Amino acid sequence: MKFILPALTEAKSPFFRPIKYSLFPPLGLATLASFLAPDDEAELVDDHVDLLTTDDCPDLVVIQVYITNAYRAYALADLYRAKGCYVALGGLHVTALPQEAARHADSVFVGPGEQTFPAFLRDLRAGAPQKVYASKSGRTLNGLPPVRRDLIKRRRYLVPNSIVVTRGCPQHCDFCYKDAFFEGGKGFYTQKVDDALAEISRLPGRHLYFLDDHLLGNRPFAGQLFDGMRGMGRLFQGAATVDSILHGDLIEHAAEAGLRSLFVGFETFSTKNLLDSNKKQNLSKDYARAAKRLSG
Ligand code: SF4
C-alpha cells in the first residue's frame, strides 16, 4: 500500500522556498497508515522530499490532496487507476470538492480520516468498498494506534518531531478551514492525556512542535498535558488564541512544561474586522498585555 503526499511542482525547485515544504512530515498519512494490519506492506512518499516513482502497482494508493497539489494529485491518481490500482483520495481539497475528486478516485474521504479510513479498509478487505466515506458524528481519538513514524524519513525534515494531540479548534473564525472540514460532527476533540504523553515519549530528541490549531483549546486537557510534561526536559512550540493567553495561568503552566514560542492569530486591531470575521476570541482583548505575558 502506498501513501502519497504530492508536491506542487514548483515546490520541488531549489529556488521556490524549499524550506517551507520540508518543514513537517506528513503526519496525516502516517496516522492513516497506523490502521493497516501488521502484515500489510506500506510505503509513505512525500513528494516534497522524496523521489516519487510510479513504475509500481500497489494494491491501494492513498493520496492527500491540497488545493495547491490537486492537479498533480489527480494526474497521479489517474495514472495509478489506469494501471488497475485502487486509488483513494482525501484531505482538505477533497472535502471541499468531493465530486471533483471522485472523478479521479475509486473512493474519496470527506472530513477527518480516523473514523472513515478504518471503515474503508474493512470494506476493501471484504471486497465492497464504497465510493464516498464521509466523517460524521462519533469522532474520537480514543484508541488511536500510534502514528506510523517508522514510515517517515526523519532526516529529511527540519522539524521531524511535529505532533498533533487534538483535532480542530473550539473557535469559529469565518476565514478558517476548520468548520468546513469538520462539518457534520465534532469540530474539536482531544486525545486522552495519557495517549498524548505516550506519543511524546516515543519522540527522540528534545524539541517538539505541536501543530494543533489551538493547544490551549481544552483547558483541563492542556493543564494535565503540561503537568505530565513537566520534568520531561522537552522544549516546544505551539499555537493558541489571544484569550487563552490572558485567561488564568495556563500559559505559565505551559512555560513550566517547556513552551518556548507560541503562534497567535492577532489578525487585526479593527473591532469591525474581528466582528466581520467572527473572531470573537480577540474582541476587546489587550494585545499588548498578551504579548507581554508571552515575553515573560
Ligand atoms: S482560532 Fe485559528 S484554528 Fe481556530 S477557528 Fe480561528 S483561525 Fe481557525
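Domain bounds here come from an automatic or database domain assignment. In this predicted model, that assignment gives domain 1 (2–134) and domain 2 (161–295).

Start by colouring residues 2–134 and 161–295 separately, as domain 1 and domain 2. Taken over C-alpha atoms, the centres of the two domains are separated by 28 Å.

Next, go to the place where the domains meet. Nine residues of domain 1 are in contact with 10 residues of domain 2. Select residues 92–96: this is helix α4, which supplies three residues, the largest share of the side of domain 1 that touches domain 2. By class, that side of domain 1 holds seven nonpolar residues, two polar and no charged.

Now show the ligand, then select C169, Q171, H172, C173, C176, K178, D213, H214, T241 and G265, which surround the ligand. Coloured by class, this shell shows three nonpolar, five polar and two charged residues.

Two backbone positions remain. Most residues other than glycine have a negative phi. Select E267, in the loop between β12 (259–264) and α12 (271–276). Its phi is positive, about 65°, although E267 is not a glycine. Is E267 buried or partly exposed? E267 counts as partly exposed because it has 14 C-beta neighbours inside 10 Å, and 20 or more would be needed for buried.

Finish at S284, in the loop between α12 and α13 (287–295). S284 is also a residue other than glycine with a positive phi, here near 55°. With 8 C-beta neighbours inside 10 Å, S284 counts as exposed, the cut-off for that class being 12 or fewer.

Definitions and conventions. Residues are numbered from 1 along each chain as its sequence is written. This is a predicted model: local features need pLDDT of at least 70, side-chain atom pairs count only at pLDDT 80 or more; totals for chains, interfaces and linings use all residues. Helices (H or I, at least four residues) and strands (E, at least two) are DSSP runs, numbered from the N terminus. A residue is near a molecule or strand if its C-beta atom, placed from the backbone, lies within 6 Å of it. Ala, Val, Leu, Ile, Met, Phe, Trp, Tyr, Cys and Pro count as nonpolar, Asp, Glu, Lys and Arg as charged, and the others, Gly among them, as polar. Two residues are in contact if their C-beta atoms, placed from the backbone, lie within 7 Å.
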